[in-house]
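Good morning, and thank you for the time on today's agenda.

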Amino acid sequence: QVQVVESGGGLVQPGGSLRLSCVVSGRTFSISDMGWYRQAPGKQRELVAQITSVGSTIYVDSVKGRFTISRDYAKRTVYLQMNSLKPEDTAVYFCNRSPPYRTVSGDYWGQGTQVTVSS
């Protein structure tokens, strides 16, 4: 059974940086494409960064050049380094497989970590 635990969010001023982490249990981590998603109030959840099982990365246009996704196979951890943060980056950030892990009741989601960019 998979479990994902995200951490590292917080309140930061515009232009600041944060590093998010997520620890993933489950046997398929090393062969899974992983992603960071975010959901802002009143908006749908979106995939903002993805890293494949071999380390290739893809970013949504709004975060290109500012965010960097990486993974540590030994620690079963996925990171999201976020620089030059903007107020529009404010959201709950979730880590998950891409596409998301499935359970008998639907997509699995962890609790996420809140990122607030405000002066």
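I shall speak about the chain as a whole, and then about several residues in turn.

The structure is a predicted model, in which local features need pLDDT of at least 70, side-chain atom pairs count only at pLDDT 80 or more, and totals for chains, interfaces and linings use all residues. Residues are numbered from 1 along each chain as its sequence is written, and side-chain values use heavy atoms, with hydrogens and water left out.

How many helices and strands does the protein chain have? The chain has zero helices and 12 strands. Helices (H or I, at least four residues) and strands (E, at least two) are DSSP runs, numbered from the N terminus. Read from that terminus, the order of elements is β-β-β-β-β-β-β-β-β-β-β-β.

Next, the overall dimensions. Along the principal axes, the C-alpha atoms fill a box of roughly 40 × 30 × 25 Å. The radius of gyration of the protein chain is 14 Å, which agrees with the value near 14 Å for a compact globule of 119 residues. That radius is taken over C-alpha atoms, and the globule rule is 2.2 Å times the number of residues to the power 0.38.

The accessible surface of the chain comes to about 6500 Å², and carbon and sulfur atoms account for 49% of that surface. Accessible areas come from the Shrake-Rupley method with a 1.4 Å probe; for residues, only the protein chains shown count as cover. Of the 119 residues, 42% count as buried. Buried means under 20% relative accessible area, exposed means over 50%, and partly exposed lies in between (1.4 Å probe, protein chains only).

Contacts in this talk are heavy atoms within 4.5 Å. Among contacts between residues at least 6 apart in sequence, 54% join residues at least 24 apart.

As for charge, the chain carries 13 positive and 8 negative side chains, and the centres of the two sets lie 4 Å apart. Here Lys and Arg count as positive and Asp and Glu as negative, while His and the chain ends are not counted. The place of a charge is taken as NZ of Lys, CZ of Arg, CG of Asp or CD of Glu.

I now turn to Asp-89. Where is Asp-89 placed? Asp-89 is in the loop between strand E8 (77–82) and strand E9 (91–97). Is Asp-89 buried or exposed? Asp-89 counts as buried because its relative accessibility is 1%. Not counting residues up to four places away in sequence, Asp-89 touches Arg-38, Arg-66, Phe-67, Ser-84, Val-115 and Val-117. With one of these, Arg-66, the side chain of Asp-89 makes a side-chain polar contact at 2.7 Å. A polar contact is a pair of N or O atoms within 3.5 Å; within protein, one must be able to donate a hydrogen and the other to accept it, and residues adjacent in sequence count only if both atoms are side-chain atoms.

Phe-67, another residue touched by Asp-89, is found in strand E7 and is buried, with a relative accessible area of 2%. Leaving aside neighbours within four places in sequence, the contacts of Phe-67 include Tyr-59, Leu-80, Met-82 and Tyr-93.

Let us consider backbone geometry. Most residues other than glycine have a negative phi, and most peptide bonds are trans. Ser-84, in the loop between E8 and E9, has a positive phi near 50°. Ser-84 is partly exposed, as its relative accessible area is 40%. Arg-76 also has a positive phi, of about 55°, and is placed in the loop between strand E7 (67–72) and E8. At a relative accessible area of 29%, Arg-76 is partly exposed. Although Asp-89 and Arg-76 are 13 residues apart in sequence, their C-alpha atoms are 26 Å apart in space.

Which peptide bond is cis? The bond from Ser-98 to Pro-99 is cis, with omega near 0°. Ser-98 is buried, with a relative accessible area of 15%, and the side chain of Ser-98 makes a polar contact with the side chain of Gln-50 (2.7 Å). Beyond four places in sequence, Ser-98 touches residues including Asp-33, Tyr-37 and Leu-47.

Finally, Thr-52 lies in the loop between strand E5 (46–51) and strand E6 (57–59). Thr-52 counts as buried at 15% relative accessibility, and the contacts of Thr-52, apart from neighbours within four places, are Ser-32, Asp-33, Arg-71 and Tyr-73. Thank you for your attention.
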